[in-house]
Amino acid sequence: MAPVAAIERAVFADPWSANDFTECLAAGAPFLVAVVGRAVAGYAVAHCAADEGEVLNLGVAQPHRRGGVGRALVERVLDTLQGRGVRVVYLDVRESNVAARRLYESLGFVEVGRRARYYRRPVEDAVILRAAIPAAGVSAKL
Ligand SMILES: CC(C)(COP(=O)(O)OP(=O)(O)OC[C@H]1O[C@@H](n2cnc3c(N)ncnc32)[C@H](O)[C@@H]1OP(=O)(O)O)[C@@H](O)C(=O)NCCC(=O)NCCS
């Protein structure tokens, strides 16, 4: 878990602890780790209940960015959620996070709401994104 937590601390101003990741793993949450060569390059964590899923966390280490790791992680996490019967997936993203918003939008997520001042360090609104997962296995816009 240490490499994942180290990326998390480098990426986020308000990071999850190593214990937060361990608890998700212990709970059986979808938890994917991307390995490039011998290095942990990124991770994605999700949650699901009945036919709804949520992407809880996603991070790619700076040296591995813009190489398709983030896209691969989100695609695989959507596949994993689909395999657990999920049909709609939500997530929160900082309003200013252009990189993540473009990634999610390219995979079919659309804005469905906002949470005012949701994030800390710095305080910022969250944009709520949603994507449907069709039975065929590819995410798509509603
Ligand atoms: C968002 C993040 C996961 C993207 O990871 P990545 O491995 O660099 O992404 P990919 O290489 O798979 O890029 C996929 C698409 O995302 C978008 N994207 C990624 N980085 C971008 C950037 N810096 N600016 C604009 N768009 C970007 C592009 O649409 C890109 O497609 P393209 O390469 O065909 O243009 C990564 O930047 C990151 O870890 N950011 C910090 C943590 C974070 O914001 N997590 C999400 C919280 S909701």
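In what order do the elements of the chain run from the N terminus on?

Analyst: This is a predicted model, in which local features need pLDDT of at least 70 and side-chain atom pairs count only at pLDDT 80 or more, while totals for chains, interfaces and linings use all residues. Residues are numbered from 1 along each chain as its sequence is written.

From the N terminus on, the order is α-α-β-β-β-α-β-α-β-β. The chain thus holds four helices and six strands, taken as DSSP runs numbered from the N terminus (helices H or I, at least four residues; strands E, at least two).

Now the ligand. The shell around the ligand has 19 residues, a residue being near a molecule if its C-beta atom, placed from the backbone, lies within 6 Å of it. Arg65, Gly70, Arg71, Ala99 and Leu103 come nearest. Three elements each supply at least two shell residues: strand E3 (52-60), helix H3 (69-83) and helix H4 (98-106). H4 gives the most, with six residues.

By class, nine shell residues are nonpolar, six polar and four charged. Here Ala, Val, Leu, Ile, Met, Phe, Trp, Tyr, Cys and Pro count as nonpolar, Asp, Glu, Lys and Arg as charged, and the others, Gly among them, as polar.

As for the chain around this site, its C-alpha trace spans about 35 × 35 × 30 Å along the principal axes. Of the 142 residues, 27% count as buried, that is, with 20 or more other C-beta atoms, placed from the backbone, within 10 Å of their own.

How values were computed
Buried ≥ 20, exposed ≤ 12 C-beta atoms within 10 Å, placed from the backbone.
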